[in-house]
Amino acid sequence: DKMGDDQPNLPLEFSKKYHIARKIGTGVCGEVKLAIEKETCKKVALKTINKHDFPSIGTATRNAEREIEILKKIDHPCLIKTEDFYQTEDSYYIVLEYVEGGELFGRIKAKKQLEEEIAKLYFYQMLKAVEYLHNNGIIHRDLKPENVLLASHDDICLIKITDFNQSKILEESSLMKTLCGTPTYLAPEVFTHAATVGYTKAVDYWSLGVLLFICLGGYPPFNTECSTMSVREQIINGHYRFIPSQWKKVSNEAKDLIKKLLVVDPEKRLSVEEALAHPWLKDDEMRNNANQLMQLETAKIPAQKRKAEEGEGEPPSKRKPGP
Ligand SMILES: NC(=O)c1ccc2nc(-c3ccc(Oc4cccc(O)c4)cc3)[nH]c2c1
């Protein structure tokens, strides 16, 4: 069709370089479209965040700026890579790698539930990715099957976590500094309130438990099927069931790991490090597969960041199309 815009008000610079194909996902704050780089026919995912969308003026912009800051900073084989950014006065445009296999959500729906060995391979990679995020002071806060992408249509494949729109960067809070000072004059609630304020990494541990439950059981642990409690009450009470017909082929070790992640008290919830040490994941064959997939990915064209650090990289938008 015509060489012009396929979508109105895209940045001209973007329209010159890419051709929009079709919508491939809808995030909370914006949409994701498949786009083709004209010079190389390479597929990319274009995520558009409208500055004037809900949740409220300013929040969408703040979240988008934080998402872009995080995307520039991260570099891990199981985290989505960013190719480019554009901005107009009313939208942000993030050009991301196109992850062929699509959402884990679609794979689980198609297969009803994943075979245990496949679920283990994916979950181990999710843990490694979240371990990397937490070690870099980033909490994802929106881990769900829609935000876990699969690198290929094969079962044995790399996963890529995406969507940092709800993510938080753990910075030195004034409360943390206060707690390091001399407490002589500090009121008691500063200590007791401290234990509950803000989000901690533990919210991601809980989400990982829900993700693993859905991968193995094929249905969510907290859902509207429950007649006596609302979803909110089920979560607050940590009330869920392993429906026998869905779980008869699943090992007790896998169920044990889920039980230790879906713990209401965040202090008692298993951390990523502890989950990685759980017997269910002490599986050398799986780890070899996962590590090979991750090393292959890392060996590919180094991410923009690595190039930038080595000082070779031109700013992405001025780069010659890669091989
Ligand atoms: N929310 C995000 O930050 C985000 C960021 C990047 C994303 N890429 C996809 C994506 C990629 C490939 C897909 O393949 C398919 C598979 C089947 C059908 C289809 O139309 C596309 C689907 C979704 N979804 C994304 C979401």
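**Salt bridges and their surroundings**

Guide: A salt bridge brings together the side chains of Lys-47 and Glu-67, with 2.7 Å from N to O. Please note that the model is a predicted one. Lys-47 belongs to strand β3 and Glu-67 to helix α2 (residues 59-73), so this pair ties together parts that are 20 residues apart in sequence. Are these two residues buried or exposed, given that buried means under 20% relative accessible area? Lys-47 has a relative accessibility of 7% and therefore counts as buried. Glu-67 is also buried, because its relative accessible area is 2%.

A further salt bridge links Glu-83 with Lys-42, and here the closest N and O atoms are 2.7 Å apart. Glu-83 is part of strand β4, whereas Lys-42 lies in the loop between β2 (30-37) and β3 (43-50), so the pair ties together parts that are 41 residues apart in sequence. With 18% relative accessibility, Glu-83 counts as buried. Lys-42, by contrast, has a relative accessible area of 36% and is partly exposed.

Strand β4, which covers residues 82-87, pairs with strand β5 (residues 91-97) in the antiparallel sense, over 5 bridges. Within this pairing, Phe-85 stands opposite Ile-94 in β5.

Another salt bridge is formed by the side chains of Glu-297 and Lys-300, at 3.2 Å from N to O. Glu-297 has a relative accessible area of 12% and is buried. Through salt bridges that share partners, Glu-97, Lys-160, Glu-297 and Lys-300 are joined into one network. The count of salt bridges comes to 19.

We turn now to the nonpolar residues. The largest nonpolar core holds 72 residues, and those that touch the most other members are Ile-74, Leu-104, Tyr-122, Phe-123, Met-126, Leu-216 and Leu-257. Helix α4 (residues 116-135) gives the most to this core, contributing 12 residues. Which residues does Met-126 touch, not counting residues up to four places away in sequence? Met-126 touches Leu-104, Val-148, Ile-159, Ile-161, Leu-208 and Leu-211.

Conventions:
Residues numbered from 1 in each chain as written. Predicted model: local features only at pLDDT ≥ 70, side-chain atom pairs only at ≥ 80, totals over all residues. Heavy atoms only, no water. Pairing = 2+ DSSP bridges. Helix = DSSP H or I, 4+ residues; strand = E, 2+ residues; numbered from the N terminus. Core = buried A, V, L, I, M, F, W, Y, C linked by side-chain atoms within 4.5 Å. Buried < 20%, exposed > 50% of the residue type's maximum accessible area, 1.4 Å probe, protein only. Contact = heavy atoms within 4.5 Å. Salt bridge = Lys/Arg side-chain N within 4 Å of Asp/Glu carboxyl O.
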